[in-house]
Structures are given as C-alpha cells and as structure tokens.
Amino acid sequence: RILEIAEVWQCENEEEFMSQLPIHLDGSCNGLQHYAAIGRDKDGAKAVNLVPSDRPQDVYTVVLEIVKQKVLKDCERPLKEYDSDMDAEKIAALRWLDPAYCGRRLVDLDVLKRKVVKQTIMT
C-alpha cells in the first residue's frame, strides 16, 4: 500500500485521487445509531454521536445514569411486609418482586456499572 501513497505524491491534484486503501471507522453503538436515525430521535442521536457536540458522548453512561436514578427512586419506597407465618422460601421468592428490595440489593452489591449496562445494551 505504500505504492499508493507514492501515486498520490505524483498526482497533479491529490484531492481528486481515488484511494483503494480500506479505512476503519468505529461507530458509537451502531445499532442504536440506526434506531436513532430511523426514528429521528434527537436525544438518542446525541447519545450515540450522530449530531455535533462539544465532547464525545457515551450512550452507556447516559443509560447507566437513568438506571441509577430509577433504582434509587425504588430504594426510597418502603419494603413490602409479609406475614410471619409464611414459608421462608416463599418470602425469599416474593422479595424479588418488590422493587424496593431489588433496588436495595443492586445498590448493596454495587453492580450498577457501565460495563454491566454495556453488556446488556449490546446483546
């Protein structure tokens, strides 16, 4: 491919030279870029760098912040109470249906991370 560079240097007008070199371009979550473009979603387009911005955006961090806000809101809710005569296994299973319990567990386990959100969005 160095020969092509030599050809450009010998060309009268290098701006008109048609290169055959492959150019690698990396998008920001390409699938979401397509959805944002098709749906004309301005916020989504900004989050995946389809529109100009002062600095590059990171859609995974945007989503993570939204998730964190929702989880923290769930944490503010009171925990559901269960009858003391209920089977312990049943109570343990029912707790996972309680948004307040789930929110607290997510915070306690410290799993609200960009990496987790990225894996979820990409699959």
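1. Let me start with Arg-77: its relative accessibility is 41%, so it counts as partly exposed. Keep in mind that this is a predicted model. Arg-77 has a partner in Asp-74, and the two form a salt bridge whose closest N and O atoms are 3.6 Å apart. Asp-74 is also partly exposed, at 24% relative accessibility.

2. On the overall fold, I count seven helices and zero strands. Reading along the sequence, you get α-α-α-α-α-α-α. Taken along the principal axes, the box filled by the C-alpha atoms is roughly 90 × 30 × 25 Å.

3. How much of the protein is buried? Buried residues account for 15% of the 123. The exposed surface comes to about 10,400 Å², with carbon and sulfur atoms supplying 55% of it. As for contacts between residues at least 6 apart in sequence, 39% of them join residues at least 24 apart.

4. Which residues make up the largest nonpolar core? There are seven: Cys-29, Ala-36, Ala-45, Ala-47, Val-48, Val-59 and Tyr-60. Helix 3 (42-47) and helix 4 (59-75) are the elements that give two or more residues to this core. Apart from it lies another core of five residues, including Leu-64, Val-71, Leu-112 and Val-117.

5. Setting aside neighbours within four places in sequence, Cys-29 is in contact with Val-48, Val-59, Tyr-60 and Ile-121. Val-48, Val-59 and Tyr-60 are themselves members of the core.

6. Is Gln-33 buried or exposed? Its relative accessible area is 13%, and the cut-off for buried is under 20%, so Gln-33 is buried. Beyond neighbours within four places in sequence, Gln-33 touches Gly-27, Ser-28, Val-48 and Leu-50. Val-48 turns up again here, as one of the contacts of Cys-29 as well.

7. Two loop residues have backbone angles worth checking. Arg-40, in the loop between helix 2 and helix 3, has a phi near 50°, a positive value in a residue other than glycine. With 74% relative accessibility, Arg-40 is exposed. Asn-49 belongs to the loop between helix 3 and helix 4, and phi there is near 65°, again positive in a residue that is not glycine. At 27% relative accessibility, Asn-49 is partly exposed.

8. On charge pairing, side chains of opposite charge can pair when their charged atoms come close. How many salt bridges are there? The count comes to three. One of them joins the side chains of Arg-114 and Asp-58, at 2.7 Å from N to O. That pair links distant parts of the chain, 56 residues apart: Arg-114 is in helix 7 (residues 114-122), while Asp-58 is in the loop between helix 3 and helix 4. Arg-114 is partly exposed at 34% relative accessible area, and Asp-58 is partly exposed at 25%.

9. Another bridge pairs Lys-113 with Asp-110, the closest N and O atoms being 3.1 Å apart. Both ends are partly exposed: Lys-113 has a relative accessible area of 38%, and Asp-110 has 49%. The cut-off for exposed is over 50%, so at 49% Asp-110 still counts as partly exposed.

10. Leu-3 is placed in helix 1 (residues 2-10). Where does Leu-3 stand on accessibility? The value is 64%, so Leu-3 counts as exposed.

11. Last, Lys-73, which lies in helix 4. Lys-73 is exposed, at 60% relative accessibility. If you want a distance to check in the viewer, take Lys-73 and Gly-44: they are 29 residues apart along the chain, and their C-alpha atoms are separated by 23 Å.

Methods:
Residues are numbered from 1 along each chain as its sequence is written. This is a predicted model: local features need pLDDT of at least 70, side-chain atom pairs count only at pLDDT 80 or more; totals for chains, interfaces and linings use all residues. Side-chain values use heavy atoms; hydrogens and water are left out. Helices (H or I, at least four residues) and strands (E, at least two) are DSSP runs, numbered from the N terminus. Buried means under 20% relative accessible area, exposed over 50%, partly exposed in between (1.4 Å probe, protein chains only). A nonpolar core is a set of buried Ala, Val, Leu, Ile, Met, Phe, Trp, Tyr and Cys residues joined through side-chain atoms within 4.5 Å. Contact means heavy atoms within 4.5 Å. Accessible areas come from the Shrake-Rupley method with a 1.4 Å probe; for residues, only the protein chains shown count as cover. A salt bridge is a side-chain nitrogen of Lys or Arg within 4 Å of a carboxyl oxygen of Asp or Glu.
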